[in-house]
Amino acid sequence: MHPNAINMRLKLLFLIFLFTVTFSVNAQITIVKNGIPKSHIVVNNNNEHNMEAAILLQDFIIRISGTNLQIINNSTPNKGDIAIGFGNIDGLTEDGFRLETKKGILYISSGGDKGAIYGVVTLLENHLGVSYYASNTYTLNKSKTIIIPELNSAENPAFRYRQTQNYAIEEDSIFKYWFRFEKPKEVFANNLWVHTFNDLLPSSKYGATNPEYYSFINGEHRPGRHSQWCLTNPDVFEIVSQKIDSIFKANPDKNIISVSQNDGNNTNCTCPKCKALDEYEGSPSGTIIHFVNKLAERFPDKEISTLAYVYTMHPPKHVKPLPNVNIMLCNIDCTREVPLTDNASGQEFMKALNAWSAISNNIFIWDYGINFDNYVSPFPNFHIIQKNIQIFKEHNATMHFSQTGGVKGGDFSEMRAYIISKLMWNPYLNADSLMRTFLNGYYGAAAPYIYQYEKMLEGALLASKKPLRLYDTPVTHKDGMLNANCLKHYNELFDKAEQAVADDTVLLNRVQLSRLPIQYAELEIARVEGNYNKGIIKSKLLLFNERTSKFGVKTLNEKVYPPAEYCQIYSDRYLSDDIDNLAKDAKIIWITEPYGHYKDLGETALTDGLLGGTSFNESWVGWLGIDGIWVLDLGEEKEISSIEGDFLHHLGAWIFLPSKVTYSTSCDNITYEKFGEESLDEDKNMRIKFVGVKCTAPEKVSARYIKIEAESIKRCPDWHYGIGYDAWFFIDEITVQ
């Protein structure tokens, strides 16, 4: 090639490069330079959330640079400005946004609702160096100069509604926006979003005069705050329709309301009409969908949300929900050790999900990542979260609530909310990368040890082949993921984590807060092992009490069980001086046997000297819907002054105290004399309690045999979840002195 031609080509390439660089620089927007504002935030007030987005952006610009950008309402943006609520909205859905630099202006456009807020969050997080991790916990790069790069990106959420539980939502006003969560009251009319039957048709108002409005259960209509409706009763439909109409008129900004069954299992109406319709549809959801479809026709411009929960989980065979009927499908009966596709309980739910998604494009998934009975306990389900959320997205779910144990002190409450928030927005992000990002940002130098702990815990759970249940206890896993060798290694990792951040009080506190579940597990397992060193356990209990108090941990389970109360009961119940129990290892003779597997458990559990905890699935022995009668054979005649039974009160599990307990004694197991009896008042308190029923004789009685008769309430009362169905009672230790 001729030298002149080469020179000309080089000049041309240089001009192209210079133009490209100049164009790129010109596409950038300097909003703050050397601490001086160079931009305004111009807000289109056609959406109430646009101003909130502007204030959020203004706030963080001040935090980054110390400079205040003026907010201007409903003005034409000029070059250099940030325009919120203006710009291209093509392709954006509700909560979606676009970030676009154009002609020297940054446009943050919204697809509706909170789109502008989420656009600001993304700008701050992806382009201005702000990272938010937990309640009032964030990092940022301070700079006196802020330059917005050339941008042209848009995002829409995977789900139009995203909800979880975390203490930060109430503590930190920014947290909910940053993590893109919503509250039911922001979306559902009159905050009616789940278990609303009694709100819409209160049994206290209609039950006495019109019992026929409520479920026909075991031979009669049974009004109650947890009863369901007779859904084929035309009067019920008209009353409820009028109530809903008044609610929507009082809430003109809301377009969805929940008309959904009360909390309770198998409490649906079985009157002849309801039963016939449900049998035709092959599921108790049949009457539900027929009913809410009529409401959807009555309110065609609104959405009617209803539960597919427990007995209504499976869809009807014939009727299909109308497009404006929202199906809130719950997987409460599934275990959590593997994804929903990989165990029997999950596969049963998948059968329901597949069937609902075949007839509806409007599904709300209520997923669970929580141990209701033991919030502050290891719950290693991080390895299944992403796959399950992807399943929901791919099966027509448009709304998603991930119910987690989001209390302070709960198992990785902070990391759980962080990861779930990211995956609810985009289920196809790298979940492991999200975990590492959070750990590094939140725990600093302790992160590698915390990561190793969580991964080891997950592996130990899978290797144990034990299910991870929503009403679980550490005791269930004492031979699996929480065996002695594993606990030793977990504690070594936490020791290293604490040492790594020992000179940083903030990071050390975070590590110690996250260690509480392991400390709680050690305490729970120790009390059932029976061979623990009381001095060592007392010191561990003291440390647990100190740290839960220091960090403000409010409850250990869903029934509000304060840690201080737990520690006091633990000390009194499990660490008190040993007593001489004459019934230790006594033989059990059943007259009315416990329910199912509790018979075999009861052969030893009632006299083994070990007291049960708040979870009914270990140590306790139960009867369902009948009285319990049995005899203790002490082996020989002994002098008896008192007899005491240890009973469990756990209404959430349908476990009631007996109405009366009677103790009798005999020397020959034929002729019995009453030793004492005690009647117990009905207790509606939802707190889990241990109740000792003790009778003392004025003078000692000589006997070999002791008969215990516990009179059950038989059926759940009308104020309870299980209205009209069999009630449990549970007992653990029998103490004879």
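This is a predicted model: local features need pLDDT of at least 70, side-chain atom pairs count only at pLDDT 80 or more; totals for chains, interfaces and linings use all residues.
Residues are numbered from 1 along each chain as its sequence is written, and side-chain values use heavy atoms, with hydrogens and water left out. Local features need pLDDT of at least 70 and side-chain atom pairs count only at pLDDT 80 or more, while totals for chains, interfaces and linings use all residues.

Visitor: Is E458 buried or exposed?
Guide: E458 lies in helix α16, residues 447-464; helices (H or I, at least four residues) and strands (E, at least two) are DSSP runs, numbered from the N terminus. Buried means under 20% relative accessible area, exposed over 50%, partly exposed in between (1.4 Å probe, protein chains only). Because its relative accessibility is 5%, E458 counts as buried.

Visitor: Which strands are the edge strands of the open sheet of six strands?
Guide: The order of this sheet is β12-β19-β18-β17-β16-β15, with parallel pairing; two strands pair if DSSP finds at least two bridges between them. An edge strand here pairs on one side only. The edge strands are therefore β12 (161-164) and β15 (256-258).

Visitor: Which residue is the bridge partner of S258 in β16?
Guide: β15 and strand β16 (residues 303-308) pair in the parallel sense over three bridges. In β16, S258 has as its bridge partner S305.
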